[in-house]
Amino acid sequence: MRKIGRNDPCPCGSGKKFKKCHMGREEELALDSLGEVSEAMSAMITSLPEVNYGRAREMADALNLEELTGTVIGIKFVDLKAYSDLNIFGSGYRKGPEARGGGIFINIYKTMKTDPDHIYLAISPDIGDSALVHQLAHVLDYLEGSRLMPGTMQPLSLELGIPVEHLEHTEEFGRWLVYLKEKFEVQLDADDTIVAYLYDNGMLIKGREIKGKNGFILKTKSDNILKFLSNNSRDIDEMIRHLPGYVGSRVAGDGGEA
């Protein structure tokens, strides 16, 4: 696809400017532009064998998605490497927010043409409880109405100059993360413990604010998160230093992250 300017008309034909429509959701445009071919590519994903690694099926089956989110839909798990090997629109496995601890929430626009009744998560055989809870929190956040998917916030993050994690880990995501942590008695990893701490202190950005794309509001709230983390860095470091994913002191002046 050619480079689309933020003020250009959105290629989807909505009549809106790109920045007010599909910016941050370019994969939808890529899939739509392929027409019938996208259905064949969708089938490549939805035909992958289901897997049950770790507590994946146990956790998914214990969630009444209709009761929790008002959405009648199921969750299927496929092998992360098998999905990555398809190499469809960036399906390759990457260490990052969209591939936390061996799991990826597959963009629903990649699968809906051949299986609109399920959300697909690609997971690795060694996926842990914390990573499963993280991905399921994204699913619940999406289904509840945010329609925000991990891996789609990078353009907005770059435009505003704020950490992508502040856009992907919304207040609603934090609420579901804490809910799942307690429901399944899971010890979160270091990063998600920080997200839960931010949620408990009312610091996360609301999904509707992210969807509104008001640069001033988002930048201000992101700056507030960074200040809060800096001001509480010693307490946070003490909280996470024994947890999986701890990468060293995050206390300013200790040689770690501020």
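Trainee: Which residue of β3 stands opposite F77?
Mentor: L121 does. This is a predicted model, in which local features need pLDDT of at least 70 and side-chain atom pairs count only at pLDDT 80 or more, while totals for chains, interfaces and linings use all residues. Residues are numbered from 1 along each chain as its sequence is written, and side-chain values use heavy atoms, leaving out hydrogens and water.

Trainee: Why are β1 and β3 called a pair?
Mentor: Two strands (DSSP E runs of at least two residues, numbered from the N terminus) pair if DSSP finds at least two bridges between them. β1 (residues 74-79) and β3 (residues 118-123) have six bridges, in the parallel sense, so they pair.

Trainee: What makes β1 mostly covered?
Mentor: Six of its six residues are buried, meaning under 20% relative accessible area with a 1.4 Å probe, protein chains only. G74, K76 and V78 point one way, and I75, F77 and D79 the other way. In a regular strand the side chains alternate between the two faces of the sheet.

Trainee: Why is α6 called largely enclosed?
Mentor: Because 15 of its 18 residues are buried.

Trainee: Which element has the lowest mean pLDDT?
Mentor: Among the elements of the protein chain, α1 (residues 26-33) does, at 51; pLDDT is the predictor's confidence in each residue, from 0 to 100.

Methods. Buried means under 20% relative accessible area, exposed over 50%, partly exposed in between (1.4 Å probe, protein chains only). Helices (H or I, at least four residues) and strands (E, at least two) are DSSP runs, numbered from the N terminus.
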